[in-house]
Structure formats: C-alpha cells, structure tokens
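Come along and look with me.

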Amino acid sequence: MIGFLIVLMGAVFFCFQNVIVRILFNEYTVAGLLQTGGFVTPSLPNSFLLMAMRMVLVVPLVSAMTPLFYPTLWWDLRKLGQQQNRPDLLRSLLGGVFMYLYLALLYFSVGLIPTGIALTLFFTFPVFTALLSWYFFGDAPSRFRWMVMGLVLFGSALTVPQTGLTANALGIGLGIASGVAYAIYTVIAQKSFEQVHPVAYTWISFVVTLILSCISLLLWTQPETIEWGPLWIGGLLSAIATSSGHLLNNMGIRLIGATTASIIGATNPALTVVLAWCTIQESLNPLQIIGVILVTFSVALLSQERKS
C-alpha cells in the first residue's frame, strides 16, 4: 500500500508539471486571482527550450536536496564507477537516454497535435510496460490488471478535448512512440533497482537528459523576444514537480514493480484535467467528468488488490 501511495503522489506532481507547461504556453487566470501565462508560443523549438531550462534547474536541485534524505548518493555514484559495477552504470545511463527520448518524442508530438491528445497517446505506456515486463521478467499481468488497465486507458481517452481530433498521423505516431520509450525506461529502471538505488538511478537519468536537452537546444534555435523572468520561475516550479515526480515514481517501482506503477501513472491525464479545473478553471464537459470518475474508480480497484 505504501508503494501504491508513493506512485500516486508522484502522479500528482507530474500533473502539476503539465499544468505549469500549459500556463507557460497559454494565458490563464490562476486560482481565479492572477492573470498570467502565454510567455512563449507553443512550438517545437520553445518546447525544447522549456525542457532544457527545466533540466538545468532539476540537476542542481536534486544534487543539493538528495543528500538530506539519502546521504549515500555520492558514495553510490562513485561505486558505480568501479570496474565490477560498470554494467549497472551503463544500464543507468541507458535509462537516462530513454528518459530524454520519451520527453523529446512527447515534445515533438505536442508541436504537431493538441497537448491533451498527445498526453493521452503517451499514457498508453502501461500496455507496453506490461508486455515488456512479461517478456523480460515473466511478470504476466492477471486478468484483473488487464481489466483495470483497459478501464484506465478508456477513462483517460474520455478526458481528451473533442477538438483537434483530425491530428496528423506523424503527431499521433510520435505520441505513441513516447509512451513506448517511457515503458522501456520503467522496465530498465526495475532491472536496475536490483543493484542501484532509485535515487542514484534518477540522478543519473536527469544528468543524461540535461546533456542531451542542451544539445537539442543547439539544434532547434528560434530567434524570438522572450520574457526570461517568468520562464525561469515557471522552470523552477516545473523542476520541483519533475524531480519530485520521478523520485517518487522510481521509489514506487522498486516497491510494487513497473507494471503496477505504470497503471497508476496512466491516471495522469484525468488527474491533470481535475487539477486544471481547480487551478486555471478549465471547464469539464460531461464526457470528461465520466472519464475522471472511471479512472478514479479503476485506481481504487487496483489499490484494493494491493491491500489484499
């Protein structure tokens, strides 16, 4: 049950991250009080810019805060540099590559199709995680888990805005590909956690993503007048949400496995819809409300299974 709650908390932090990105791209009234947002136009170069700014802040933040609750981080990292632990280090670095890859593919998708649709396509990843875990670990999902997975995916699909459904095939393909990349990341994580602590694994993933994000920013430049102050504030808030979400999710994977964690994580679109309704007053239509209720019911069923 503790692992279930940890992953669910991580999903909430990811929802905050999604809402922050929406505010950076579009103007909203936050909590009914403050009119803000729309600091950059939603485009592929600006998506890479936000990803790079986020990771520039995430790595120092995690490096400074982690020793307070996990003092052996630097000792663990030095140990990974030893010859006998080289396979574990390479596996952790590979995980970082797939963290960057799923983010990059998702941003490509967001640049081509509406954000809500791209996110829902990304959150098909529990299906791929279950299949990969079945193949590599022999962890065959039960009929009950397949049922819960189907309910979560169906409920999340109902939360997608009904506009923009004529999205192009490339954007749809990239959205699904980002889900496949994230599924591979979680399966690599589960295997790595046999030898590497989730905190050290997550730190390595962030550093690799930072390096690759900066390289991408060099390739995708766009001259534009930008309000840097609000962007850095948004980047800091996003960094806190990103680091907390990934740390909690990876610690949860160690406790309950990648498949169960991915099913809980698939509630993200529905949770984001609810959070957006609470904070920036995005309206919910009846179909979206049904989707949120269905996802909530499905996760409650899964929590009961974890208790039993």
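**Entry: the largest cavity.** I looked up which helix gives most to the lining of the largest cavity, and found that α10 supplies the largest share, four residues. I noted what a cavity is: on a 1 Å grid over the protein atoms alone, it is a set of points where a 1.4 Å probe fits but cannot get out, while a pocket is an open set with protein on both sides within 12 Å along at least five of seven lines, and lining residues have an atom within 4 Å of a point. Helices (H or I, at least four residues) and strands (E, at least two) are DSSP runs numbered from the N terminus.

This is a predicted model, where local features need pLDDT of at least 70 and side-chain atom pairs count only at pLDDT 80 or more, while totals for chains, interfaces and linings use all residues. Residues are numbered from 1 along each chain as its sequence is written, and side-chain values use heavy atoms, with hydrogens and water left out.

I read the volume of the largest cavity as about 60 Å³, where a volume is the space filled by probe spheres set on grid points joined across faces, edges and corners. Its lining includes Val21, Leu50, Arg54 and Leu231. By class I listed five nonpolar, three polar and one charged residues. Here Ala, Val, Leu, Ile, Met, Phe, Trp, Tyr, Cys and Pro count as nonpolar, Asp, Glu, Lys and Arg as charged, and the others, Gly among them, as polar.

**Entry: the second largest pocket.** Next I turned to an open space of about 380 Å³, the second largest pocket. I found 17 residues in its lining, with Ile20, Ile23, Val30, Gly234 and Leu237 nearest the centre. Of the lining residues, 14 are nonpolar, three polar and none charged.

**Entry: the core.** Which residues touch the most other members of the largest nonpolar core? Among them I wrote down Leu73, Tyr102 and Phe122, in a core of 52 residues. Helix α4 (residues 86-110) brings the largest share, 10 residues. A nonpolar core is a set of buried (under 20% relative accessible area, 1.4 Å probe, protein chains only) Ala, Val, Leu, Ile, Met, Phe, Trp, Tyr and Cys residues joined through side-chain atoms within 4.5 Å. Beyond four places in sequence, Phe122 is in contact (heavy atoms within 4.5 Å) with residues including Tyr102, Leu106 and Tyr182.

Definitions and conventions
Buried < 20%, exposed > 50% of the residue type's maximum accessible area, 1.4 Å probe, protein only.
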